[in-house]
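Me: I have a predicted model open and I'd like to go through the labels on it. For each one, can you tell me what the value is and what cut-off it is held against?

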Amino acid sequence: MTQKLKIDIVSDVVCPWCTIGYKRLEKAIIELDLQDKVDIEWQPFELNPNMPAEGQNVNEHITEKYGSTTEQQNQSKQMMTEAGEELGFKFDYFDDMRMVNTFDAHVLLEYAKNFNKQTELKMRLTASFFSERKDVSKRDILKQALLEVGLNAEEGLAKLDNEDAQNEVRFKQNYWKNLGVNSVPTIVFNRKSAVTGAQPVDTFKQVLSELMKEEQTV
């Protein structure tokens, strides 16, 4: 098979289940030895597009948005932390954690795509936010992430004030919303079929295996 399986992952940098979903998908890809047969592209989705620059306390935000009690939030955090541990990812929740605006992060992920560094930058930003208590809306943190994955920080940061780069992200966000994507992660295969949520590794393996069989019979 010469053509790679195209996988679009619609997600946000500050979405814990997006991270868990990707890590499970990655595990399925590795276990099926498909690393060279898939092409992953990250698509922008802002969980909180109107989040102000100062952000908002995560607990307050979740209560306000979903009506979750403190007990429900603590159970959810525990579940995510344990799921992360199984996949080698650290979720470090703390009382003063703040939900932040992620638009600039999405602009940089578009920039990183040109250098095949999108997944690397995505995971670096996600780790910065969830594992290292960093504010991924701040330019110094974004600059650090660019440098850590070997990208040109000056060129990348210049994109943040570039109208065309901003419009590209808005266009893509609208494109996926118009297709009916309203929750993340949404993982789309060959632009034909999709699964939502952080599915178990076995589910991803089943989906990938079926798609590979289809490709081979075409």
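**Labels and their cut-offs**

Me: Asn190 is found in the loop between E5 and strand E6 (193–196). Why does Asn190 count as buried?

Reply: Its relative accessibility is 18%. Buried means under 20% relative accessible area, exposed means over 50% and partly exposed is in between, with a 1.4 Å probe and protein chains only, so at 18% Asn190 counts as buried. Asn190 also has a positive phi of about 50 degrees, although it isn't a glycine. By the way, this is a predicted model, where local features need pLDDT of at least 70 and side-chain atom pairs count only at pLDDT 80 or more, while totals for chains, interfaces and linings use all residues. Residues are numbered from 1 along each chain as its sequence is written, and side-chain values use heavy atoms, with hydrogens and water left out.

Me: What makes Asp33 count as exposed?

Reply: Asp33 comes out at 56% relative accessibility, and therefore counts as exposed. Phi of Asp33 is near 55 degrees, which is a positive value in a residue other than glycine. Asp33 lies in the loop between helix H1 (16–31) and strand E2 (38–44). As for those names, helices (H or I, at least four residues) and strands (E, at least two) are DSSP runs, numbered from the N terminus.

Me: What makes the peptide bond from Val184 to Pro185 cis?

Reply: Its omega is near 0 degrees. Pro185 lies in the loop between helix H8 (163–178) and strand E5 (186–189).

Me: How do you know that a disulfide joins Cys15 to Cys18?

Reply: The S to S distance is 2.4 Å. A disulfide is a pair of cysteine sulfur atoms within 2.5 Å, so Cys15 and Cys18 are joined by one. The structure holds one disulfide, and both Cys15 and Cys18 are buried.

Me: And is that disulfide right-handed or left-handed, and why?

Reply: The torsion about the S-S bond of Cys15 and Cys18 is about 85 degrees, so the disulfide is right-handed.

Me: Why are H4 and H5 called roughly antiparallel?

Reply: Helix H4 (residues 103–113) and helix H5 (residues 118–130) pack at about 150 degrees, and their axes are 8 Å apart. Axes are lines fitted to C-alpha atoms, for helices over the stretch in contact, and angles run from 0 to 180 degrees between N-to-C directions. Under 35 degrees is roughly parallel, over 145 roughly antiparallel, 65 to 115 roughly perpendicular and the rest oblique, so H4 and H5 are roughly antiparallel.

Me: Which residues of H4 and H5 meet?

Reply: From H4 there are Ala105, Leu108, Leu109, Glu110, Ala112 and Lys113, and they meet Gln118, Leu121, Lys122 and Leu125 in H5. Contact means heavy atoms within 4.5 Å. The residues of this contact divide into six nonpolar, one polar and three charged. Ala, Val, Leu, Ile, Met, Phe, Trp, Tyr, Cys and Pro count as nonpolar, Asp, Glu, Lys and Arg as charged, and the others, Gly among them, as polar.

Me: What makes H5 oblique to H6?

Reply: The axes of H5 and helix H6 (residues 139–148) come within 9 Å and cross at roughly 135 degrees. That angle is what makes H5 oblique to H6. The contact is made by Leu121, Arg124 and Leu125 of H5 and Leu142, Ala145, Leu146 and Glu148 of H6. By class, the contact of H5 with H6 has five nonpolar, no polar and two charged residues.

Me: Why is H4 described as largely enclosed?

Reply: Of the 11 residues of H4, 10 are buried, so H4 is largely enclosed by the rest of the structure. Among the buried ones are Phe103, His106, Val107 and Tyr111. Their cover includes strand E1 (5–11), E2, H5, H6, helix H7 (153–158) and H8.

Me: Which residues does Leu157 touch?

Reply: Not counting residues up to four places away in sequence, Leu157 touches Leu108, Arg139, Leu142, Lys143 and Leu146. Leu157 is found in helix H7, and at 17% relative accessibility Leu157 counts as buried.

Me: And why is Leu25 called buried?

Reply: The relative accessible area of Leu25 is 0%, so Leu25 is buried. Leu25 is found in helix H1. Leaving aside neighbours within four places in sequence, Leu25 is in contact with Ile7, Ile9, Ile187, Phe204 and Leu208. The C-alpha atoms of Leu25 and Thr203 are separated by 9.0 Å, and the two residues are 178 residues apart along the chain.
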